[in-house]
Amino acid sequence: MSELTIDEQYAAELKQSDIDHHVPTAGAMTNHILSNLMVAYVKLTQVKWYVKGPQSLALRTAYQRLLDQNVRQFAELGELLLDENQKPSSTTAELTKYSMLEENGAFKYQSADELVAATIKDFDTENLFVDRAIKLAEKETRPALAAWLVNSWPQQSRILIRKTYSLTGLSSLLKKKPGRHWQLG
């Protein structure tokens, strides 16, 4: 029996990924999280670069913290997927394909309040995938993955969301929904 070529290995990976995304697994759901993190990085950077108004300096600092957290989570989560014998997406095309966050070049022209509200909406979207990945990891008996998702993700995101939104002076509009999600009141 001969070894698979590099192209055959990659084709098999893509085929398995397609199967995993149609019958969700913890690995596939976590790969969505990884993909969302990549798109979130671009969107967070866009806010940091283009935010205007009296709170722009404070918001730039807050968004740098969000970017730092994003980069750390992306790296840790990719390594964890590898430790779990999964194949995290490793190309921009794959990451874009599996992200559920939307980009828009006109986004940069929105007000600071709208930019921060969009960030909260994106975190909510990301948290939906985190919640689902936790359930799947527990079901599939992947304790390391479940523990990382429970301990490393939601707490820091919630704290940063509250702090960032408070900078716009509209934190009274931010209400906690059941679970890990936020909404504008």
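Me: Why are the side chains of Arg72 and Glu76 said to meet in a salt bridge?

Reply: The distance from N to O is 3.1 Å in this pair. A salt bridge is a side-chain nitrogen of Lys or Arg within 4 Å of a carboxyl oxygen of Asp or Glu, so the pair of Arg72 and Glu76 at 3.1 Å qualifies. The model is predicted: local features need pLDDT of at least 70, side-chain atom pairs count only at pLDDT 80 or more, and totals for chains, interfaces and linings use all residues. Residues are numbered from 1 along each chain as its sequence is written, and side-chain values use heavy atoms, with hydrogens and water left out.

Me: Where do Arg72 and Glu76 lie?

Reply: Both belong to helix H3, four residues apart, which is about one turn of the helix. Helices (H or I, at least four residues) and strands (E, at least two) are DSSP runs, numbered from the N terminus.

Me: Why is Glu84 called buried, and Arg72 partly exposed?

Reply: Buried means under 20% relative accessible area, exposed over 50%, and partly exposed in between (1.4 Å probe, protein chains only). Glu84 has 16% and is therefore buried. Arg72, with 29%, falls in between and is therefore partly exposed.

Me: How many cavities of 30 Å³ or more does a search of the whole structure find, and what makes a space a cavity?

Reply: The search finds two. On a 1 Å grid over the protein atoms alone, a cavity is a set of points where a 1.4 Å probe fits but cannot get out, and lining residues have an atom within 4 Å of a point. Grid points are joined across faces, edges and corners, and a volume is the space filled by probe spheres set on the points.

Me: Which residues line the second largest cavity?

Reply: Among them are Leu37, Leu66, Gln69, Asn70 and Gln73. H3 gives the most to this lining of the second largest cavity, with four residues.

Conventions. On a 1 Å grid over the protein atoms alone, a cavity is a set of points where a 1.4 Å probe fits but cannot get out, and a pocket is an open set with protein on both sides within 12 Å along at least five of seven lines; lining residues have an atom within 4 Å of a point.
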